[in-house]
Amino acid sequence: MSTWTAVLVASLVSFGLKLTGYLVPPRWLHNPVATRVSALLPAALLAALVTVQTFSSGARLTVDARVVGLAVAVLALVRRAPFLVVVILAAAAAAGVRAAGWG
Amino acid sequence: MTSAVHGPARRAAVRRGLSVGIATSLYGISLGAVAVANGLSVWQACVTSLLLFSGGSQFALVGVLGAGGSVGAAVAASSLLGIRNGLYGLQLAGLLNQRGWRRVAAAQLTIDESTAVAVVQPDSESRSAGFWVTGVTVYVGWNLMTLAGALLGNAVGDPRRYGLDAAAAAAFLALLWPRLKERQAAAVAAAGALMAAALVPVVAVGLPVVAAAAAAVVAGWLLRRTTS
């Protein structure tokens, strides 16, 4: 049930944020701190999500097959692979390492 | 309205919208698979695409929930990533000039891709065409692919065996990658990653991600003079 709560509340907030942009006066944007923070926020959050998704297991830091997947994703991104290719290669690398008996 | 009265700029915007829309939709399959791997039902995965409809926020929501984070932490991570859609709305409100239900529909379709296609068009007619074609194509395709991915993820059983946990990390990295070209964003990303790693053993699951937002707030405050 709590999953449903999270899904529905996050959906409401998401739509609220989108609609707010259409309703507030544009001059509210003319604040240098707000502009910088909103430009940098996705980078900080996504980097934190990469870290947590790769190196955490509950409240512990761990190193397992996901690290190999992430390394392969970096290589794919450096070679300008499209999003789906990056994701599939990372999954395949992690799955391969696990099939070989590690992580 | 027949196509004969529309200029080449509008046709180019429609073509760009379709190609961006189809390419983006395809990775909805990874969202669906990752969502069920993280414990959502097929139906819940589909509702995130129907209602929440913002890729980064959806991955964040299912990532935090899958790691065992609280509802509050999951909603916070998802919502913080959604703030940028509000800023896109501010920009698009002046470009699209929609009223009533069309404005509500435009708001729901306001995401990275529809905004990016719209703002680079040369005139108001092609901006509008670019926005709607991209938004509707992504919405339909993203939802279909989410369902396909969720059904696929449900069928494969143990998600770790297929590396689906690594797929989620790779998805976040691929969303982050284009932002790293800007040096300030790269520095803030590094700070966010380090803060999150330092906090994982200390605070509740999901909160390290939210705390990383503090890195962006502090950096934004410190950098305010360089851009004003």
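Trainee: How many residues does the contact take from chain A and from chain B?

Mentor: In this predicted model, the contact takes 66 residues from chain A and 90 residues from chain B. On the chain A side, helices H1 (2-23), H2 (32-55), H3 (65-78) and H4 (83-99) and strand E2 (60-61) each give two or more residues. H2(A) provides the largest share, 22 residues.

Trainee: What makes up the side of chain A that touches chain B, by class?

Mentor: That side has 46 nonpolar, 15 polar and 5 charged residues.

Trainee: Why are H2(A) and H10(B) called oblique to each other?

Mentor: The axes of H2(A) and H10(B), residues 183-199 of chain B, cross at roughly 40° and come within 7 Å. Angles under 35 degrees count as roughly parallel and 65 to 115 as roughly perpendicular. The crossing angle of roughly 40° is therefore classed as oblique. The crossing is right-handed.

Trainee: Which residues make the contact of H2(A) with H10(B)?

Mentor: From H2(A) they include A:Leu40, A:Ala44, A:Val52 and A:Phe55, and from H10(B) they include B:Val188, B:Gly192 and B:Met195. The residues of this contact divide into 18 nonpolar, 3 polar and no charged.

Trainee: How do you know that the end-to-end distance of H8(B) agrees with its number of residues?

Mentor: H8(B) has 33 residues, 124-156, and at 1.5 Å a residue should span 48 Å. Its end C-alpha atoms are 47 Å apart, so the two values agree.

Note on methods
Residues numbered from 1 in each chain as written. Chains lettered and ligands numbered in written order. Predicted model: local features only at pLDDT ≥ 70, side-chain atom pairs only at ≥ 80, totals over all residues. Contact = placed C-beta atoms within 7 Å. Helix = DSSP H or I, 4+ residues; strand = E, 2+ residues; numbered from the N terminus. Nonpolar A, V, L, I, M, F, W, Y, C, P; charged D, E, K, R; others polar. Expected span 1.5 Å × (residues − 1). Axes fitted to C-alpha atoms, helices over the stretch in contact; angles between N-to-C directions. Parallel < 35°, antiparallel > 145°, perpendicular 65-115°, else oblique. Left-handed = near helix turned anticlockwise from the far one by under 90°.
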